[in-house]
Amino acid sequence: MSKKQVWYEVQENETIEQCLERMKKDGYMAFGRKEEPVFHLVDGEPTYLRQKIKFKAILIED
């Protein structure tokens, strides 16, 4: 039995469209989106690295 809601994270090596296609293959569709910045330390100072994007997905019911 699969979950009705799951979170999918866009991986570093994929586009948003590829992530949405991966969701669709698993039988889910996007329901919400969350973004948060990712930082790393350079010389003791936090520096912006990239944006982390997650999609809340719900199970597609036939």
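Leu20 counts as partly exposed because its relative accessibility is 34%, where buried means under 20% relative accessible area, exposed over 50% and partly exposed in between (1.4 Å probe, protein chains only). The model is predicted, so local features need pLDDT of at least 70 and side-chain atom pairs count only at pLDDT 80 or more, while totals for chains, interfaces and linings use all residues. Residues are numbered from 1 along each chain as its sequence is written, and side-chain values use heavy atoms, with hydrogens and water left out.

**Around Leu20**
- Leu20 belongs to helix α1, residues 16–25; helices (H or I, at least four residues) and strands (E, at least two) are DSSP runs, numbered from the N terminus.
- Not counting residues up to four places away in sequence, Leu20 touches Ala30 and Phe55, contact being heavy atoms within 4.5 Å.

**The hairpin**
- Strands β2 (residues 28–42) and β3 (residues 45–59) run antiparallel and are joined by 14 bridges, pairing being assigned if DSSP finds at least two bridges between two strands.
- Two residues lie between β2 and β3 in this hairpin, and Asp43 in the turn has a positive phi of about 55°.
- Glu35 stands opposite Ile53 in β3.

**Aromatic rings**
- The whole structure holds two aromatic pairs, counted when ring centres of Phe, Tyr and Trp (its six-membered ring) lie within 6.5 Å, with planes under 30 degrees apart stacked, over 60 edge-to-face and the rest tilted.
- The rings of Phe39 and Tyr48 form an edge-to-face pair, because their planes are at 80°, with centres 6.1 Å apart.
- Phe39 is partly exposed at 48% relative accessibility, and Tyr48 is partly exposed at 45%.
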